[in-house]
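Please look through the structure below before reading the briefing that follows. The notes begin with the whole chain and then turn to single places in it.

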Amino acid sequence: MTASTGIPATMSRPDRNLLSSVRSFAPIVVTLALLSLVPLRYGDSRLMMGLAVDGLAFASYAIAFNVIFGSTRQLFLCVGALAGIGGYGAAIFGDVVGLPIPVGIALAAAISAVVGGLLSWVAVSRSLDVIFTGIVTLAFSLSFANLLLGRRELTGGEAGLVVHTGSGGFLREQVAPYYLFLAVVGIYLVVFRVLQRSHIGWAFRALHDDELAAELTGINVARYRVFAGVIGSLMLGLTGAIFAYSEGFVSPTTFGFGHIDIRVLVMLGFGGIGTLLGPVVGAVTFTILDELMVPFGQLRVVSHGVLIVALFLGFRRGLIPTLQSMFMRRARRKAQAQAGPLSTRDSEN
């Protein structure tokens, strides 16, 4: 049995690859199966289904941000802006230009991908570290917010923009949008896992651990960073576009920094940066927490702060990595306890 995977060494290579694939994608299947049960309990409540859709949308945002930051340590503080490009772009393409919904979503997501790739390229070409990358992308986020407020004839300004395209379709139903976003979450998780298991994931891990060492080994740092920026931004734009059509309304606060970026950072930090299910765990946890804290008004923000403090005190690596480490230590101690009497008996013989 191999030490790293726990797969018996006597198995043939095809069987080992199949078993490894099953183990890699099984958490995704289990997660999607559990989340698919939510409408069975709350399908009759429009309010609860709306909250569930929001939770899945934030899970999608967090997975996309995990591709960018969790893989290559590019601190994009413009998650809401990139999602807003997708949301406003899809709304304009549908209502003003008159494009079909799939075409509008594809074009809006493509624009987000291009913008994200350009931001990543600027960060790489200027050799910006994590902090300065965050500053540059935050400046872009603020500029995007001002653009929305300045072009009132196109974006509606502070009043927002009503999205007429898609009204009367399945995207405005009570349960259908939930399963659509659940499919989006599933696709994003599969993409993240495929990236992890490919040579791209190996390059991402090298960049994450030590960029200088990765460059010395021949990894094209600029290429892989831009690649992560494009893929993550494409996910953000796609999610924002679908959300705009399903919600039927977008405004600057819908994709605002305080509403999107801060919550995504907290969700990913809580669940575990760079982990497969960390974004989903964080999104589910904070969606439930926000709903429980509704009667307390602004204390919801205080609860986020308390959780951040608790996170850095007890779960610095996030919930999932901490639990994994605890499980591995427990399994190691158990294995040592079982091997102890055997080794003693062998020495006596």
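The accessible surface of the protein chain comes to about 18,000 Å², and 67% of this surface belongs to carbon and sulfur atoms; such areas come from the Shrake-Rupley method with a 1.4 Å probe, and for residues only the protein chains shown count as cover. This is a predicted model, in which local features need pLDDT of at least 70 and side-chain atom pairs count only at pLDDT 80 or more, while totals for chains, interfaces and linings use all residues. Residues are numbered from 1 along each chain as its sequence is written, and side-chain values use heavy atoms, with hydrogens and water left out.

**The chain as a whole**

- The protein chain has 15 helices and two strands, where helices (H or I, at least four residues) and strands (E, at least two) are DSSP runs numbered from the N terminus.
- Of the 349 residues in the protein chain, 44% are buried; buried means under 20% relative accessible area, exposed means over 50%, and partly exposed lies in between (1.4 Å probe, protein chains only).
- Among contacts between residues at least 6 apart in sequence, 74% join residues at least 24 apart, a contact meaning heavy atoms within 4.5 Å.

**Helices α4 and α5**

- Two packed helices are described by the angle between their axes and the distance between the axes.
- The axes of helix α4 (residues 79-97) and helix α5 (residues 101-125) come within 8 Å and cross at roughly 150 degrees; axes are lines fitted to C-alpha atoms, for helices over the stretch in contact, and angles run from 0 to 180 degrees between N-to-C directions.
- The residues making this contact include L82, I85 and F93 of α4, and L107, I111 and V115 of α5.
- The residues of the contact of α4 with α5 divide into eight nonpolar, five polar and no charged, with Ala, Val, Leu, Ile, Met, Phe, Trp, Tyr, Cys and Pro counted as nonpolar, Asp, Glu, Lys and Arg as charged, and the others, Gly among them, as polar.

**T72 in helix α3**

- T72 lies in helix α3 (residues 46-72) and is buried, with a relative accessible area of 0%.
- The side chain of T72 reaches the backbone oxygen of I68 at 2.7 Å.
- Leaving aside neighbours within four places in sequence, T72 is in contact with V67, F204, L207, Y224, R225 and A228.

**I135 in helix α6**

- I135 is found in helix α6 (residues 130-150) and is partly exposed, with a relative accessible area of 48%.
- I135 and L75 are 60 residues apart in sequence and 8.7 Å apart in space, C-alpha to C-alpha.

How values were computed. Polar contact = N/O pair within 3.5 Å; in protein donor to acceptor, adjacent residues only side chain to side chain.
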